[in-house]
Amino acid sequence: MTNEDLKQKILTIVPSADFTDPVYEFLNVTILPADLRKLAEQLNSDPDLSFDYMFCLTGVDWVTHMMVVYHLYSTKNDHTVVMKVKIDDRGNPEVETLCDIWKTAEFHEREAYDLFGIKFLNHPDLRRIFLEDDWVGYPMRKDYVDEVNIVEL
Amino acid sequence: MEEVAQNIETQEYFINMGPQHPSTHGVLRLMLTLDGEIIKKVQPHLGYIHRSIEKMCEKDSYQQVVHLTDRMDYLGCHINNEAVCLTVEKGLELEVPDRVKVIRTIISELTRLSSHQLWWGVMGMDLGAITTFLYGFRDREMITDIFEETCGARLTMNYNVPGGLMFDIHPNFQNRTKQFLEHFKKKLPEYDKLLTGNVIFTERTKGIGYLSKEDAISYGVTGPSARASGFSCDVRKKNPYSAYDRVDFKEILFTEGDCFARYQARIAEMWESMKIIEQLIDNIPEGEYKAKTKAVIKLPPGEYYQRVETPRGELGVYIISDNKKNPYRVKFRSPGFSNLSALDKMARGFKIADLVAIMSTLDLVIPDIDR
Amino acid sequence: MGFSIYDFSDFINNIHAFLIETFSPAIGNIIGMAIVAVCFLGFIALLGLSLVYIERKVCALFQQRLGPMRVGKWGTAQTVADIIKLIFKEPLMTKDSDKFLFNLAPFIVMIAPVMAISLIPFASGLQAVDFDIGIFFIVAVSSIGVTGILLAGWSSNNKYSLIGAMRSGAQIVSYELSVILSLLTIVVLSGSLQLSVIVESQREGWWIFRGHIPAIIAFIIFIVASTAESNRGPFDMAEAESEITAGFHTEYSGIKFAYFFLAEYVNMFIIAAVGATIFFGGWMPLHIGNIEFFNNAMDLIPPVIWFFMKVSAIIFLLMWFKWTFPRLRIDQMLTLEWKYLLPLNIMNILLMSLVVLTDFHF
């Protein structure tokens with residue numbers, strides 16, 4: 001499907017979807033956490049879309065809000081979409097897990113939790129993945145200060 | 001027998017494989033739940049070599065980011081460098097000279113060859129045939145020598161800069177590469193003789209660690225490991241970059257999805273890499289080795305994503321720029337990280353010895369996973 | 001005292017007689033035993049040193065490199081340096097390990113080969129003990145070694161060690177059957193368990209040639225099974241460095257580790273020596289039937305040299321296995337023994353019995 005078709009299709013699933021992010025290579029769609037499960041399930045199961053391969057999942061700290069970015073690709077239909085979830089509550093971001101749909105999300109969500117503090121609800125095993133269990137703070141946040149381990153030049 | 005087995009009370013136990021273990025090849029820690037020798041569960045514990053490269057990137061200029069990527073997948077460092085450079089060039093909408101594209105492709109393929117050679121040696125060693133390790137290193141030495149001559153370094157090469165290459169290739173480069181190809185074409189069948197046809201080796205790998213195509217896609221397994229399950233995911237074919245669109249090579253696909261298929265996929269990939277180098281080595285176009293770039297690179301605001309095919313799978317570089325001289329956010333989607341997540345799925349029900357074989361055929365590089 | 005490189009019996013008997021004459025018979029015997037013990041200890045030490053060196057050089061040969069070259073001429077003093085290092089190394093021990101058993105295990109592992117080596121006829125008359133149940137005795141004492149390995153694994157308080165010990169137990173107990181049965185095949189042919197008699201019975205030709213097909217099958221089974229019994233690659237599951245770190249000797253260091261190491265090499269020597277004695281005539285030169293000229297020419301080479309040549313050839317074969325093959329998995333290895341080697345072996349004995357009954361051998 002072309003990006004334009006994709007856009008129409010996604011709009012039928014989530015009417016409030018936001019397509020204002022410029023398209024460099026992939027179609028960007030920004031949604032709210034409440035719509036995430038619905039859209040993700042549809043993206044995965046709808047035969048026209050069938051996004052079966054999540055090749056990237058990451059968090060972004062936009063200082064005003066938190067964002068989770070999912071890069072999805074369909075091996076059957078050869079199209080790509082970037083799904084972004086905007087979480088307004090930056091202090092305590094929460095979003096539904098997608099690791100039952102794309103298994104690869106399990107590790108990537110743990111990474112995002114570890115580094116950004118984004119809580120993925122219903123995740124089967126949400127623990128820190130890289131840092132120690134008693135690490136204080138979430139290093140990839142923009143306001144993270146660590147005078148011991150980070151040397152400012 | 002069955003009845004007796006049921007009546008005996010057994011207990012599952014845990015065992016820590018790593019962080020110091022000969023076959024985790026680095027500081028990976030696996031917590032195994034075992035019933036006798038049979039694996040019930042594998043829980044990877046990561047982070048022993050986590051350096052937060054992504055955080056460091058946020059403080060660095062784009063030229064500096066390239067150098068950090070060497071430290072992720074040190075066996076495919078050239079390809080990591082290239083990934084970052086391609087992303088930055090994409091952001092700058094910079095067209096690099098043809099010469100650069102061809103040289104990058106040749107060096108990428110040499111890197112892939114050297115990585116697979118090391119993998120082959122290590123794979124044999126994991127299965128108990130220590131001789132393969134020395135054979136793999138013997139042939140890899142020739143490639144590292146070529147790299148050393150051209151860019152001064154043997155492991156962390158830093159040969160790419162945004163816009164092109166750091167310097168031109170050494171005048172000897174083409175000759176030595178051709179010599180190497182001639183040498184290695186004779187040696188690769190020897191690899192086959194030593195392992196591929198060996199009864200013990202096939203017994204140890206056939207039917208072990210099965211991964212279906214659906215699972216490979218769902219777990220995000222990429223590279224030769226996924227192509228052995230039939231998941232066609234070669235970025236060089238799907239999204240050609242550098243000079244891959246002008247060379248003729250096959251995407252290696254197998255359907256068995258077991259350790260032996262993953263092994264064969266990598267061996268076949270070595271032949272394809274040699275084919276690619278052969279097509280390009282005599283056709284390096286004349287021209288500049290670097291496009292003109294500013295000393296301070298500022299990417300226009302936006303998001304750039306570039307995928308490349310490393311020896312282990314698909315490396316994604318995701319750069320978010322806010323028009324400053326350093327990136328706002330850099331994410332490396334490392335292939336090893338996703339490949340590792342399928343380990344539990346693949347290893348359940350097999351034995352400890354099989355787990356070693358499965359890990360070998362996944363070709364894990366720990367700094368690449370931990371970043 | 002008549003000394004001949006071709007027959008040591010006179011020489012040994014003369015020493016014996018001299019000792020008994022000079023001292024009383026009791027003390028003379030004891031001094032004789034002490035001399036034999038010292039000789040064997042020296043021999044074992046020398047054997048360990050040289051076999052480790054040879055193993056490294058053979059390994060290097062297969063891996064297209066030079067091996068140790070720095071210490072001494074062609075690295076010959078390398079193993080001496082290693083032994084010195086091992087002696088001075090701190091003997092570590094894990095917390096809560098069973099100290100008594102932990103310290104005992106290396107000695108038990110060492111006892112087996114030392115007892116077995118006394119039976120080996122190095123040349124005519126050059127044999128410490130010559131039991132009439134020689135093969136039975138060798139097989140019996142060599143199974144003591146597994147006790148030491150099990151103890152080492154159990155007392156180390158380490159799960160890897162325990163897995164290694166359990167694997168080793170299963171492996172050695174099963175492969176012992178094959179070793180015994182393959183040796184019995186030749187015993188059927190030679191009609192004696194006494195090693196000197198077996199050697200003597202090969203005066204007209206080695207059993208591997210005279211026993212033709214069943215003897216060759218028996219030899220192949222013997223080599224496979226004894227490689228497994230000595231825990232060497234491709235059957236080194238008990239150590240399996242890449243799977244269970246170093247198996248039963250993970251926790252051993254220093255001189256205790258050296259004992260395990262030494263035991264492995266002495267075991268290898270015993271395997272080769274028993275194989276050479278049973279199948280290749282021991283110290284007996286290569287004789288073909290009644291061709292006088294050829295037999296006399298062969299007799300010119302001293303028996304000791306014959307013996308060590310044969311042993312070296314088999315040791316080289318064992319090393320060749322180790323440095324070429326990948327390791328088997330534990331269940332595959334047990335399958336190989338119980339489903340293939342053992343039935344084949346039993347059939348082979350029947351075949352050999354038929355051959356002997358019908359006199360269908362050379």
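Predicted model: local features only at pLDDT ≥ 70, side-chain atom pairs only at ≥ 80, totals over all residues.
Student: Why does the length of helix α7 of chain C agree with what a helix should span?
Tutor: At 1.5 Å a residue, its 32 residues (159–190) should span 46 Å, and the end C-alpha atoms are 46 Å apart, so the two agree. The expected span is 1.5 Å times one less than the number of residues. Helices are DSSP runs of H or I, at least four residues; strands are runs of E, at least two; both are numbered from the N terminus.

Student: How many residues of α7(C) are buried?
Tutor: 23 of the 32, so the helix is largely enclosed by the rest of the structure. Buried means under 20% relative accessible area (1.4 Å probe, protein chains only).

Student: What happens at the start of α7(C)?
Tutor: A side-chain oxygen of N158(C) comes within 2.7 Å of the backbone nitrogen of Y160(C).

Student: And just after α7(C)?
Tutor: There G191(C) has a positive phi of about 80°.

Student: New topic. How many residues do chains C and B bring to their contact?
Tutor: Chain C gives 24 and chain B gives 33. Contact means heavy atoms within 4.5 Å.

Student: What area is buried there?
Tutor: About 2500 Å², with 56% from carbon and sulfur atoms. Buried area is the accessible area (1.4 Å probe) that two parts lose on being put together, summed over both.

Student: How many salt bridges between C and B?
Tutor: The count is 3. K351(B) and D331(C) meet in a salt bridge, at 3.8 Å from N to O. The rule is a side-chain nitrogen of Lys or Arg within 4 Å of a carboxyl oxygen of Asp or Glu.

Student: Which elements of chain C touch chain B?
Tutor: Those giving two or more residues are α7, α11 (241–244), α14 (303–324) and α15 (330–357).

Student: Now B and A. What area do they bury?
Tutor: About 3500 Å², 56% of it on carbon and sulfur atoms. K55(B), Y328(B) and F337(B) supply 18% of the area chain B buries there, more than any other three residues.

Student: How many salt bridges between B and A?
Tutor: There are 5. E303(B) pairs with K84(A) in a salt bridge, the closest N and O atoms being 2.6 Å apart.

Technical notes: Residues numbered from 1 in each chain as written. Chains lettered and ligands numbered in written order. Heavy atoms only, no water. Buried < 20%, exposed > 50% of the residue type's maximum accessible area, 1.4 Å probe, protein only. Polar contact = N/O pair within 3.5 Å; in protein donor to acceptor, adjacent residues only side chain to side chain.
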